[in-house]
Amino acid sequence: IPISDSIRTGIGADDLRQAFLDNLVCALGRLPAYSTRHDHYLALAMTVRDHVMRRGVRCFEKGDNLLVRRVAYFSAEFLPGPHLGNHLLNLGLTESIRKMLDGLGINLDDLLAEEEEPGLGNGGLGRLASCYLDSLATVGVQSVGYGIRYEFGIFDQTIRDGWQIQGTDKWLHGGNPWEVHRPGAVQDVMFGGHTEPWQDESDSPRKRWVPSIVIRGEAYDTPISGYDSDTCALMRLWKAEAVESFDFSAFNHGDYDRAVEQKVASENLSKVLYPNDELHRGKELRLKQQYFFTCCALQDMLRILSLRGAPPESFHSNWAVQLNDTHPAIAVAELMRLLVDQHGLGWDVAWKVTRSTFSYTNHTLLPEALERWPVDMIGGLLPRHLEIIYEINARFLDEVRAAFPGDDERLARLSLIDESGPRYVRMANLACVGSQTVNGVAELHSKLLRQTVLADFAALWPEKFTNVTNGVTPRRFVALANPGLGKLLAKVAGKNWPGDLEKLHKLEPHAEDPAFRQEWREVKLSNKRHLASLIAERTGIEVDPTSLFDVQVKRIHEYKRQHLNLLHVLTLYLRLKKDPKAEVPARTFIFGGKAAPGYFLAKRIIRLATAAGELINHDRDIAGRIKVVFFPDFNVRNGQSIYPAVDLSEQISLAGMEASGTGNMKMSLNGALTIGTLDGANVEIREAVGEENFFLFGLNAAEVPALKHGGYRPRDRYESDPLLREVIDFLTSGALGEDRDLFQPLVDNLLYHDPYLLLADYRGYLNAQQRVSELWMDPEAWTRASILNTARMGRFSSDRSIRDYCQRVWKVNVKKLKK
Ligand code: 26V
């Protein structure tokens with residue numbers, strides 16, 4: 001049956017209007033005269049979804065016919081952001097839809113504001129997954145992002161009396177027009193019970209898993225459009241359901257509680273997203289989630305394989321699976337189970353298929369983040385997987401013994417089982433052994449990965465290791481977020497620049513053109529005005545749009561050192577108090593980000609930012625020369641309003657701690673200058689934009705361990721640096737609020753531990769900030785540097801990252817760039 005054109009997907013003005021009204025009336029059952037803004041949003045979303053869906057179906061059909069290798073991106077988190085505006089941009093429909101709505105007296109921007117974003121991730125890792133789906137669709141690769149449809153995503157943050165308050169994320173309450181429930185695509189997932197031997201007809205001994213409980217996964221599909229592309233990616237998220245809604249026998253016997261217990265327990269599985277940036281805690285429900293979605297995904301992929309008429313032995317030539325961190329690493333054991341137990345493949349064949357299927361991306365070196373699960377927990381929940389993991393391990397350790405005879409310590413470090421105390425399964429080791437390729441997310445990170453956390457694996461299999469530097473989608477984070485800049489870029493780089501970001505190099509010569517610089521400044525100023533009005537609306541704080549916008553937005557964590565930024569803020573404040581004539585250009589310090597609910601010091605850091613704001617913003621002596629804002633509820637949508645307005649991007653993590661960072665890329669692409677350490681992708685950003693257009697400071701990754709092992713005493717720094725002493729003392733002076741003890745834990749931590757070496761980097765940071773102020777006072781020079789930042793950031797498009805993965809990791813073809 002051919003997929004025909006219809007009014008539903010027509011792009012003429014009349015078709016768009018008719019499709020919109022049809023959805024309002026026929027799909028939503030609303031009388032246009034009485035319909036609300038939210039109804040209009042839903043009707044428009046359905047209209048746009050039709051367009052995306054049709055592309056998706058066509059492209060899936062094509063991929064099936066060509067039997068191409070598809071990419072499955074396994075990720076426990078996705079942070080797509082609002083879909084509507086992005087689809088309109090990708091489809092080239094923004095202006096015709098705006099006009100059509102105008103004709104009905106409806107404003108498109110009002111409808112864009114109605115959308116709730118799916119906060120199905122914590123931060124960088126989840127957002128990266130979404131940038132990658134966007135780029136997969138854009139560069140024309142058939143792909144599916146597999147994950148979990150959490151009912152409650154990352155919490156909403158509000159600030160009350162200066163403190164973070166967590167609210168429940170209710171993203172599904174207004175209905176979700178972007179997803180399609182697929183009752184046909186269900187998968188059963190087993191848990192618990194025991195295994196037993198059995199014989200098949202061929203007499204070969206087999207193993208069978210007899211579970212104690214089965215949970216059903218239901219698929220919800222969200223199409224992800226590509227820019228100027230007829231390929232469409234799919235985000236397929238699994239929701240947990242009870243296999244039987246009711247235990248009817250219990251129900252009939254009047255045991256209502258037990259009857260609903262099972263249902264509730266099953267559905268709890270996909271209820272809520274775990275905050276991942278606290279300590280890794282071996283929470284059983286999280287392991288269940290991980291197994292649940294990877295099991296659903298792999299069974300789904302085997303089903304699609306058989307629809308293609310291909311045998312299970314060819315799994316790896318039909319699918320490349322990327323493991324986004326170790327969260328889905330249990331998939332290695334699961335694919336073995338499916339191939340060996342369900343499909344009857346021999347171990348060696350199954351192992352070859354498995355190893356040729358998976359690749360693994362590491363996203364953090366922090367030891368406390370490495371996932372390990374108690375052996376007993378895996379054994380209780382997934383008894384068959386534990387056997388398989390032991391078998392993989394036994395064979396693997398034989399290989400190691402052959403390569404390094406007699407090296408028992410190495411053997412113990414490489415083992416999938418940590419036996420140094422209570423026994424654990426090490427998920428990073430499982431991912432390494434089961435993967436074709438292992439990568440870090442920036443040059444420095446990949447190098448440190450090979451030298452530290454995965455050094456033994458790198459020694460064993462050096463060819464497995466590679467780097468793929470992260471990237472961000474220029475569609476959402478430049479074209480959509482910053483349309484003023486987009487127009488300017490189109491003028492000099494051609495209108496297709498979002499599809500070929502290296503074209504931004506064409507900007508370079510314009511950095512020397514004063515008229516162009518003027519236009520550039522006007523765009524930035526207008527973005528800052530917009531942000532200033534949002535700040536006023538959300539916080540009540542009035543800020544000066546002509547002041548330097550100095551911004552640090554990201555999850556709150558000690559290693560990211562928001563408190564170093566605050567030490568600078570307070571140092572400036574004390575300086576202005578003492579010397580009102582000091583030459584300090586007007587600055588607005590903007591902070592944003594969520595703290596994990598149980599992370600005590602991170603919450604104190606937020607409190608310190610708000611306390612600094614309360615003090616400084618109201619101090620008459622300061623007269624508004626510096627202001628401090630904590631922007632509540634940093635998420636993808638708010639990011640889109642913030643990134644375009646940044647003058648100075650704060651990327652000040654301790655060297656060696658931030659795997660890559662991606663906010664750094666978003667800001668620099670939007671013309672911000674970076675103040676930063678040699679950490680993560682900052683290193684490559686600095687190389688790209690030129691060291692003269694980047695404010696560098698701080699220890700480097702080699703100096704950090706040297707200093708720590710040389711007996712670092714932060715207290716000595718405090719004693720010997722009067723400015724530092726003054727600012728630290730100020731924190732507990734009572735000036736920042738009546739409760740002097742509020743910041744004592746932060747101060748004690750800095751003076752006696754300082755694990756992230758703030759006091760060591762304090763002076764260097766102040767000096768770099770001084771250079772920032774000096775350059776800011778020369779607007780022409782600043783603008784030149786700003787233009788060059790944007791011009792030279794093209795390589796940080798996620799399209800480039802995805803092309804790298806396709807070429808070097810997945811071995812799949814991509815579309816050639818248009819000339
Ligand atoms: C987890 C934990 C758990 C223990 C305590 C500290 C901590 C800190 C961070 C994390 C998150 C690990 C995974 C993650 O989100 N990594 C981020 O991935 C981004 C995309 O590659 C990258 O840009 C960020 O630098 C990296 O932190």
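This is a predicted model: local features need pLDDT of at least 70, side-chain atom pairs count only at pLDDT 80 or more; totals for chains, interfaces and linings use all residues.

Entry 1: I looked up how the strands are arranged and found 6 of them in an open sheet, ordered β19-β18-β17-β20-β21-β22, with parallel pairing. At the edges I found β19 (626–631) and β22 (694–696); each has a single partner strand, so one side of each is left without a neighbour in the sheet.

**Entry 2: β17 next to β18.** How many bridges join β17 to β18? I got 6, linking residues 548–553 of β17 with residues 587–592 of β18, and the two strands run parallel. For orientation I noted two positions across from each other: Val551 faces Ile590 of β18, and Gln552 stands opposite Phe591 of β18.

**Entry 3: is β18 buried or exposed?** I went through its residues and found 6 of the 6 buried, so β18 is largely enclosed by the rest of the structure. For burial I used the cut-off of 20 or more other C-beta atoms within 10 Å of a residue's own. Next I sorted the residues by direction. Arg587, Phe589 and Phe591 point one way from the strand, while Thr588, Ile590 and Gly592 point the other way.

**Entry 4: α22 with α23.** I then turned to helix α22 (residues 562–578) and helix α23 (residues 600–617), whose axes come within 10 Å and cross at roughly 20°. Angles under 35 degrees count as roughly parallel, and α22 and α23 are therefore roughly parallel to each other. Their crossing is left-handed. On the α22 side I listed Gln562, His563, Leu566, Val569, Leu570 and Tyr573, and on the α23 side Ile605, Leu608, Ala609, Ala612 and Ile616. By class, this contact has 9 nonpolar residues, 2 polar and no charged.

**Entry 5: α11 with α14.** What angle do helix α11 (residues 331–342) and helix α14 (residues 383–403) make? I read about 100°, with the axes 9 Å apart. The two helices are therefore roughly perpendicular to each other. From α11, Ala333, Glu334, Met336 and Arg337 meet Arg384, His385, Ile388 and Ile389 of α14. I sorted this contact too, and it divides into 4 nonpolar, 1 polar and 3 charged residues.

Note on methods: Residues are numbered from 1 along each chain as its sequence is written. Two strands pair if DSSP finds at least two bridges between them. Helices (H or I, at least four residues) and strands (E, at least two) are DSSP runs, numbered from the N terminus. Axes are lines fitted to C-alpha atoms, for helices over the stretch in contact, and angles run from 0 to 180 degrees between N-to-C directions. Angles under 35 degrees count as roughly parallel, over 145 as roughly antiparallel, 65 to 115 as roughly perpendicular and the rest as oblique. A crossing is left-handed if the near helix is turned anticlockwise from the far one by less than a right angle, and right-handed if clockwise. Two residues are in contact if their C-beta atoms, placed from the backbone, lie within 7 Å. Ala, Val, Leu, Ile, Met, Phe, Trp, Tyr, Cys and Pro count as nonpolar, Asp, Glu, Lys and Arg as charged, and the others, Gly among them, as polar. A residue is buried if 20 or more other C-beta atoms lie within 10 Å of its own, exposed if 12 or fewer, and partly exposed in between; C-beta atoms are placed from the backbone.
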